Amino acid sequence: MCDSRESRSDPGKVFYAHWDHENDRREYLTDHLQAVANLAGRFAEVFGAKDLGYLAGLWHDVGKFSRAFQEYIRSVDGTNAHIEGKGKIDHSIAGAVKAVRDWESTNPVMARILAYCIGGHHAGLADWDTDSDGSLKRRLARNKPETADALQAEKIVPSAVLIPQTMPPIQQGENPAFQIAFITRMLFSCLTDADFLSTEVFMDSQRTAQRENKTPSWDVLAETLQHFLEHKQEAVKPSPVNDRRREVLHSCLERASDPPGYFSLTVPTGGGKTFSSLAFAFRHAKHHGMSRIIYAIPFTSIIEQNAAAFRQALGGWADKTVLEHHSNFDPRNET
């Protein structure tokens with residue numbers, strides 16, 4: 001919710017998350033927290049941590065309830081005030097302190113996961129205990145006046161009823177420390193993405209509108225790929241190699257409805273693995289209600305080859321569907 005007028009109530013009881021001074025637009029802090037909570041919870045639901053994502057979003061900017069931050073945001077360009085840095089108010093640690101304070105005794109693992117994600121949602125995940133003042137342990141113990149002030153003023157109900165369902169299942173005997181670390185990174189990604197996207201709605205609604213362009217369905221992508229492959233077949237002379245390629249493709253499509261798990265495709269070079277695997281992935285993703293396909297390949301040169309092949313096959317849909325990301329990738333412009 002944005003307000004273009006100063007509230008007639010006590011300014012000390014009006015809290016803003018963002019303030020666009022140039023256009024005299026403000027976003028209430030409670031609205032921002034709720035929006036990020038809903039979005040982070042939706043993202044985290046995919047791996048069984050909806051409630052944990054919701055709480056991370058609900059508490060991530062609790063530090064903005066401090067008088068110091070509210071005075072700061074009123075006095076500077078609010079479009080950048082929410083970003084932490086030298087000379088700016090540390091508003092991210094308050095929510096981490098709240099998570100530890102409220103849940104350390106009853107669920108220390110959950111408390112620590114939330115603290116890591118909330119405390120690092122601007123600067124990144126910190127180490128727990130190092131010589132640096134930026135370690136999470138030192139930041140939690142610092143007891144800054146603005147942190148205490150924010151926690152005293154914050155108006156968000158802790159949503160305690162969510163806690164029993166919050167923790168995703170940890171498989172016993174399967175390296176629980178790694179599982180917890182991995183869940184933390186997944187949750188951190190959900191929180192930062194939700195925060196950036198929610199903030200963008202206020203800061204740059206035109207850019208948000210561009211994100212709302214619908215991507216094609218799996219059926220549309222599969223049909224596009226099929227037409228591409230049919231055109232390739234028509235352009236070459238019949239041969240035993242082409243017959244084997246068709247057999248590989250047919251076999252992949254036949255197995256696409258099998259339950260998710262590990263599938264192995266062993267085919268000689270030139271046997272059509274690239275497009276057959278993509279055709280399998282489209283059908284498998286649709287059949288099981290999956291939302292994305294990720295290719296993880298050990299050599300950047302092969303990633304580049306596959307990405308180029310997929311762009312060619314998907315034609316006009318490529319810009320909306322193929323995201324290439326690796327150390328050698330240099331986009332013409334950031335999108």
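Start by selecting residues 240-255, which make up helix α12. Its 16 residues reach 23 Å from the first C-alpha to the last, close to the 22 Å expected at 1.5 Å a residue (the expected span is 1.5 Å times one less than the number of residues). Helices here are DSSP runs of H or I with at least four residues, strands are runs of E with at least two, and both are numbered from the N terminus.

Before you click on, a word on what you're looking at: this is a predicted model, where local features need pLDDT of at least 70 and side-chain atom pairs count only at pLDDT 80 or more, while totals for chains, interfaces and linings use all residues. Residues are numbered from 1 along each chain as its sequence is written, and side-chain values use heavy atoms, with hydrogens and water left out.

Stay on α12 and show side chains for Asn-242, Val-248 and Cys-252, the buried residues of this helix. (Buried means under 20% relative accessible area, exposed over 50%, and partly exposed in between, with a 1.4 Å probe and protein chains only.) Why do they sit on the same side of α12? They cover an arc of only 115° around the axis, taken from the directions from the helix axis to the C-beta atoms. They pack against α11 (218-234) and α13 (273-287), where contact means heavy atoms within 4.5 Å.

Next stop, the second largest pocket, with a volume of about 770 Å³. To find it, select Phe-263, Leu-265, Ser-277, Phe-280 and Tyr-295, the closest to its centre of the 26 lining residues. Elements giving two or more residues to this lining are α12, α13 and α14 (300-314). Which one gives the most? That's α13, with 8 residues. Colour the lining by class and you get 15 nonpolar, 8 polar and 3 charged residues. For the colouring, Ala, Val, Leu, Ile, Met, Phe, Trp, Tyr, Cys and Pro count as nonpolar, Asp, Glu, Lys and Arg as charged, and the others, Gly among them, as polar.

A pocket, on a 1 Å grid over the protein atoms alone, is an open set of points with protein on both sides within 12 Å along at least five of seven lines, and lining residues have an atom within 4 Å of a point. Grid points are joined across faces, edges and corners, and the volume is the space filled by probe spheres set on them.

While you're in α14, pick Asn-306. It is buried, at 14% relative accessible area. Leaving out residues up to four places away in sequence, Asn-306 touches Thr-274, Tyr-295 and Ile-297.

Jump to helix α5, residues 93-103, where 9 of the 11 residues are buried. Lys-98 and Trp-103 are among them. Bring up α2 (50-59), α6 (108-119), α7 and α8 to see part of what covers the buried residues of α5.

Two loops to finish. Most residues other than glycine have a negative phi, but Asp-24 has a positive one of about 50°. Asp-24 lies between β2 (16-20) and β3 (25-28) and is partly exposed at 32%. Asn-143 also has a positive phi, about 55°. Look for Asn-143 in the loop between α7 (136-141) and α8 (145-153), exposed at 66% relative accessibility.

Finally, zoom out: the chain has 15 helices and 3 strands, and 39% of its 335 residues count as buried.

Conventions:
1 Å grid on protein atoms, 1.4 Å probe; cavity = no way out; pocket = protein on both sides within 12 Å on 5 of 7 lines; lining within 4 Å.
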